[in-house]
Amino acid sequence: MLRKNKEIESTLNKLQSTQAQLIQSEKMASLGELTAGIAHEIQNPLNFINNFAEVNAELIDELNESIEKNDLSEVKSISGNIKDNESKIIFHGKRADAIVKGMLQHSRSSNGQKEPTDINALADEYLRLAYHGLRAKDKTFNATLKTEYDPAIGLINIVPQDIGRVILNLITNAFYAVSTPKSPKGDLTYTPTVSIKTNLIKSPSGDLGAKRSIGDSGIEKIEISVSDNGPGIPKSVLDKIFQPFFTTKPTGQGTGLGLSLSYDIVKAHGGELRVETKEGDGTEFIISLPA
Amino acid sequence: MNILVVDDERDVQILFEQRFRKEIKNNEIEFAFAFSGEEALQYLNDNNHGAVLILSDINMPGMSGLELLRHIKEKYNAPPPLVMMITAYGDAENYNTAMRLGADDFLTKPVEFNVLKEKLKAIQ
């Protein structure tokens, strides 16, 4: 009996460590998707830093010339420019810094701590990274990005790197959906479009709240929706998409863990991940979280 | 010379204004700025395609620089403005596509402003 228990315990431990490894490998895979985007995103602020620093070096020479000439108004104007450029250098330095920090945060094992997070900023950051990442890998890829962020959302208590991963996964999927070969209609006017929307949803006590106990005056939740106008998900696979290891991608190109992990993360936040899709029209994934 | 600069990074405007401060002061070059391909087309429509030279970033959300290039070269043919493409990815594919669509020149980021100034002088 004791021996049996030991065996079960050891098997359980092995399973848990395998699961942790799988989650880590899925994280690293999605980091790979981001790498090119991150490189592109860092390149721009670095270019600005180098350029504004060079301009300032030139301006300081001109400043000295103007001092020699006793041209006080020119001195003032140049020193004003130097100061403005300086603030640009600081701004873009911080921008590059934030990108690197975000990248480290993404690859690090989550400490599971919830913290008040600006959902709109989080969504926008991952949208940009995913977009530039894909563009760097596939130069022919282009998509119209539509964003609609509800400013009323404020800060939501979540584990940012976990929800960030869910958003990234949904965006990456949406890009994949609009980049796969087009509908048999061969529609030339097709514009690949990926939209991300956030919403604060209040249910007044007279509505959904009516079924709840007295004093429970209206519940609030937020929704993050990621939609595409790709081919949609066929009915035959729709009930499988949240299953671990289910993928429609060619072997070696997808772990089949993206949506399954996303589902678990949203559940762990007390939320819900649902999908609405229509073949030929597109797909919408909606994350809802308690506000 | 009128130059329209198209880039989704807004600070490009301040950078160009600083880098070309002497040329702007001496009225040698006048700059206009657009922050997307769509804005650039709007500007060209509103200003009777007054820009002589368009410097465009390839990698922009929405209409890409290459699409913008195609629109310009197809629509404004009497004579179309010069278009110089700028991209962070100096790969053969982007280069070939840009040239096929009628780009007049191709630069990679980070822009060497000395090189760009030389090129602009040659055009003038």
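A salt bridge is a side-chain nitrogen of Lys or Arg within 4 Å of a carboxyl oxygen of Asp or Glu.

## Between the chains

Lys88(A) and Asp11(B) form a salt bridge, with their closest N and O atoms 2.9 Å apart. Between chain A and chain B the count is 8 salt bridges. The contact (heavy atoms within 4.5 Å) takes 28 residues from chain A and 26 residues from chain B.

Interface size is often given as the accessible area lost when the parts come together. Chain A and chain B bury about 2300 Å² between them. Of this area, 46% is on carbon and sulfur atoms. Buried area here is the accessible area (1.4 Å probe) lost on putting the two parts together, summed over both.

## About the model

This is a predicted model, in which local features need pLDDT of at least 70 and side-chain atom pairs count only at pLDDT 80 or more, while totals for chains, interfaces and linings use all residues. Residues are numbered from 1 along each chain as its sequence is written, chains are lettered from A and ligands numbered from 1 in the order written, and side-chain values use heavy atoms, without hydrogens and water.

## Helices 3 and 4 of chain B

Helices (H or I, at least four residues) and strands (E, at least two) are DSSP runs, numbered from the N terminus. In chain B, the axes of helix 3 (residues 37–46) and helix 4 (residues 65–75) come within 10 Å and cross at roughly 20 degrees. Axes are lines fitted to C-alpha atoms, for helices over the stretch in contact, and angles run from 0 to 180 degrees between N-to-C directions. Helix 3 and helix 4 of chain B are therefore roughly parallel (under 35 degrees).

From helix 3 of chain B come Gly37(B), Ala40(B), Leu41(B), Leu44(B) and Asn45(B); they meet Leu68(B), His71(B), Ile72(B) and Lys75(B) of helix 4. These contact residues divide into 5 nonpolar, 3 polar and 1 charged. Ala, Val, Leu, Ile, Met, Phe, Trp, Tyr, Cys and Pro count as nonpolar, Asp, Glu, Lys and Arg as charged, and the others, Gly among them, as polar.

## Backbone details

Asn70(A) is not a glycine, yet has a positive phi of about 60 degrees. Asn70(A) lies in the loop between helix 1 (2–68) and helix 2 (72–107) of chain A.

In chain B, a cis peptide bond joins Lys109(B) and Pro110(B), with omega about -5 degrees. Pro110(B) is in the loop between strand 5 (105–108) and helix 6 (113–123) of chain B.

Note on methods:
Angles under 35 degrees count as roughly parallel, over 145 as roughly antiparallel, 65 to 115 as roughly perpendicular and the rest as oblique.
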